[in-house]
Amino acid sequence: MPIVGATLHAMSRTSPAIARWLRAVLHVPVYLYRARLGFVFGHRFLLLVHRGRRSGRRYETVVEVVSYGDETDESVVLAGWGARTQWLRNVEAGGALAVETAGRRFKPLVRRLEIDEAAAVLAEYERRNRLIAPIVRRVLSRLVGWRYDGSAASRRRLVIQLPMLAFRPDRSTG
């Protein structure tokens, strides 16, 4: 999500023709999920199916998974546009219909991570992606509008601004 989010932000400053082309390219993962090929992403991305809080329309959004727990079967994602992220607002209004990840589709239980947990998840994400950490920090800096340096204090500030949600299968629905 962070890198895709920054790309979308850059799109808003480009010509309409380039923006349309880029939007189409970035929508390719949704088409792959629709073609039942989402398994190729493993647990790196997930398809979130959600209902518009006002329109009632059904939306499909592909987001990057920053953490996946084998033992909990829980995927954590970052809301790259912060509190104004439309899918976040829809999901928190009760609009999470389904999640598809690693070839599995399920009705999700959703929770927002507390600040300390979210900061720990982000720290682990950065450790796992050490080689691209400078790029990730640059992208995150652009998303939040201030220099994110990867310190504990700035990480905490960042996750306050960019909330994280966790999705796991709702086992009560069978």
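**Exercise 1.** Decide whether Trp-146 and Tyr-148 are buried or exposed, then classify their ring pair.

*Solution.* Start with the cut-offs: buried means under 20% relative accessible area, exposed over 50%, and partly exposed in between, with a 1.4 Å probe and protein chains only. Trp-146 is buried, and Tyr-148 is buried too. This is a predicted model, in which local features need pLDDT of at least 70, side-chain atom pairs count only at pLDDT 80 or more, and totals for chains, interfaces and linings use all residues. Residues are numbered from 1 along each chain as its sequence is written, and side-chain values use heavy atoms, with hydrogens and water left out.

Next, the rings. Rings of Phe, Tyr and Trp (its six-membered ring) pair if their centres lie within 6.5 Å; planes under 30 degrees apart are stacked, over 60 edge-to-face, and the rest tilted. The centres of Trp-146 and Tyr-148 are 6.4 Å apart and the planes stand at 75°, so the pair is edge-to-face.

**Exercise 2.** Find which residues form an aromatic cluster.

*Solution.* The whole structure holds 3 aromatic pairs. One of them joins Phe-41 and Phe-45: 5.5 Å between centres, 70° between planes, edge-to-face. Phe-45 is partly exposed, at 24% relative accessible area. Tyr-33, Phe-41 and Phe-45 make up one aromatic cluster.

**Exercise 3.** Locate Ala-102 and list what it contacts beyond its neighbours within four places in sequence.

*Solution.* Helices (H or I, at least four residues) and strands (E, at least two) are DSSP runs, numbered from the N terminus. Ala-102 sits in the loop between strand S4 (96–101) and strand S5 (104–106). Its relative accessibility is 29%, so Ala-102 counts as partly exposed. Contact means heavy atoms within 4.5 Å. Beyond those neighbours, Ala-102 touches Phe-39, Gly-42 and His-43. Gly-42 is 60 residues away along the chain, yet the two C-alpha atoms are separated by 4.1 Å.

**Exercise 4.** Describe how H5 and H7 cross.

*Solution.* The axes of H5 (residues 115–128) and H7 (residues 152–161) come within 9 Å and cross at roughly 115°. H5 is therefore roughly perpendicular to H7 (65 to 115 degrees). Now the residues. Among those meeting across the contact are Leu-122 in H5 and Leu-158 in H7. The contact residues divide into 8 nonpolar, no polar and 4 charged. Here Ala, Val, Leu, Ile, Met, Phe, Trp, Tyr, Cys and Pro count as nonpolar, Asp, Glu, Lys and Arg as charged, and the others, Gly among them, as polar.

Notes: Axes are lines fitted to C-alpha atoms, for helices over the stretch in contact, and angles run from 0 to 180 degrees between N-to-C directions. Angles under 35 degrees count as roughly parallel, over 145 as roughly antiparallel, 65 to 115 as roughly perpendicular and the rest as oblique.
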